[in-house]
Amino acid sequence: MKLIPIPAFADNYIWMLHDEGRALVVDPGDPQPVFKALQDLDVKLEAILVTHHHHDHTGGVDALRVSTGATVFGPLKETMPEPLTRLKDGDQLRALGLSFRVMDVPGHTAGHIAYFCENADGTPLLFCGDTLFSAGCGRLFEGTPAQMLTSLDRLAALPESTRVCCTHEYTLSNLKFACTVDPDNETLKRYRESAQVLRDNGQPTLPSSLALERQINPFLRTRQPALIQAAQSFDAKAHDDVSTFAALRKWKNQF
Ligand code: ZN
Ligand code: FE
């Protein structure tokens, strides 16, 4: 089984998982690069997994379904290109012989879901859409800070070997902010250097791992004294997990 990020638009990745003959894709906002990958790899699209309703994640679903007959899976509560199989927290889906568990992760959108595969060639795999990014998290368009923090906590509790497949290449700009709010974190500084080298060479910084994100992602570290202190320098009223998270998210929006 191979995992590849297909670049789309300015900074999206459409994740593809494939074996010798079959493939699935996650959040195909644009059908064209997916058609090209299917042709280049000579594989048949079996399933399309969608995390939330934003157009840069759903724009290619209809064209791909019509021309390949792939089964489409998506969130229970969001407006989606029909027809599809709608999924909620705890549901399982099978594709390419693998089993994926659905997790409700509201915050970026109200009905956002993530897909977790416990064992894909020996390593867990997470497709988290626009909820968790490397060194960052999604903007709160439809949810509250408390909802988003709960969602991120659930993702952070998955096994640390989990490969984290985010939908955007935002890593360098997230790392700039992360280094500002967590300036003494040596792991973070080293990661920023290695991510810069990858981008300078035109390589993706993803997938990340949960082990790394727990050490460097400010939005998974809102209980660390350094992050609480940083949040208070932005908003003196920040005092608990949720208000620390809310202050950091608001700061990042203006950064
Ligand atoms: Zn989005
Ligand atoms: Fe997006």
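Let me start with a term: a residue is called buried under 20% relative accessible area, exposed over 50%, and partly exposed in between, with a 1.4 Å probe and protein chains only. By that rule His168, at 4% relative accessibility, counts as buried.

Some ground rules. This is a predicted model, where local features need pLDDT of at least 70, side-chain atom pairs count only at pLDDT 80 or more, and totals for chains, interfaces and linings use all residues. Residues are numbered from 1 along each chain as its sequence is written, chains are lettered from A and ligands numbered from 1 in the order in which they are written, and side-chain values use heavy atoms, with hydrogens and water left out.

Now the chain as a whole. Its secondary structure comes to 9 helices and 14 strands; helices (H or I, at least four residues) and strands (E, at least two) are DSSP runs, numbered from the N terminus. The radius of gyration is 18 Å, which agrees with the value near 18 Å for a compact globule of 255 residues. That radius is taken over C-alpha atoms, and the globule rule is 2.2 Å times the number of residues to the power 0.38. The C-alpha trace spans about 55 × 40 × 30 Å along its principal axes. Of the 255 residues, 53% are buried.

Next, the metals. Which residues coordinate the zinc ion (ligand 1)? They are His52 through NE2, His54 through ND1, His108 through NE2 and Asp130 through OD, at 2.2 to 2.3 Å. Donors here are N, O and S atoms within 2.8 Å of the metal (3.2 Å for Na, K and Ca); water is not among the atoms, so sites may look incomplete. The zinc donors follow the spacing H-x1-H-x53-H-x21-D along the chain. The angles among the 4 donor atoms run from 87 to 172°, and the zinc site is irregular. For that label, four donors count as tetrahedral if all angles lie between 85 and 135 degrees; four count as square planar and six as octahedral if opposite donors are over 155 degrees apart and all others between 65 and 115; anything else is irregular.

The zinc ion (ligand 1) has a neighbour: the iron ion (ligand 2) lies 3.2 Å away, and Asp130 bridges the two.

The iron ion (ligand 2) is coordinated by Asp56 (OD), His57 (NE2), Asp130 (OD) and His168 (NE2), at 2.1 to 2.4 Å. Why is the arrangement around the iron ion irregular? Because its 4 donor atoms subtend angles of 85 to 170°. Here too the chain is bridged over a distance: Asp56 in helix H2 (residues 55-58) and His168 in the loop between strand S13 (163-166) and helix H5 (171-181) are 112 residues apart. Asp56, at 23% relative accessibility, counts as partly exposed, whereas His168 is buried at 4%.

Finally, some backbone details. Where are the cis peptide bonds? One joins Glu82 and Pro83, with omega about -5°, and Pro83 lies in the loop between strand S5 (71-75) and strand S6 (85-87). Another joins Leu206 and Pro207, with omega about 0°; Pro207 sits in the loop between helix H6 (186-200) and strand S14 (208-209).

Positive phi values turn up in residues other than glycine. Phe9 has phi near 50° and is found in the loop between strand S1 (2-8) and strand S2 (12-18). At 48% relative accessibility, Phe9 counts as partly exposed. Ala135 has phi of about 65°, in the loop between S11 and strand S12 (136-137). Ala135 is buried, with a relative accessible area of 1%.

Buried or exposed? Gln32 is exposed, with a relative accessible area of 52%. From Gln32 to Leu64 is 9.0 Å in space, C-alpha to C-alpha, and 32 residues in sequence.
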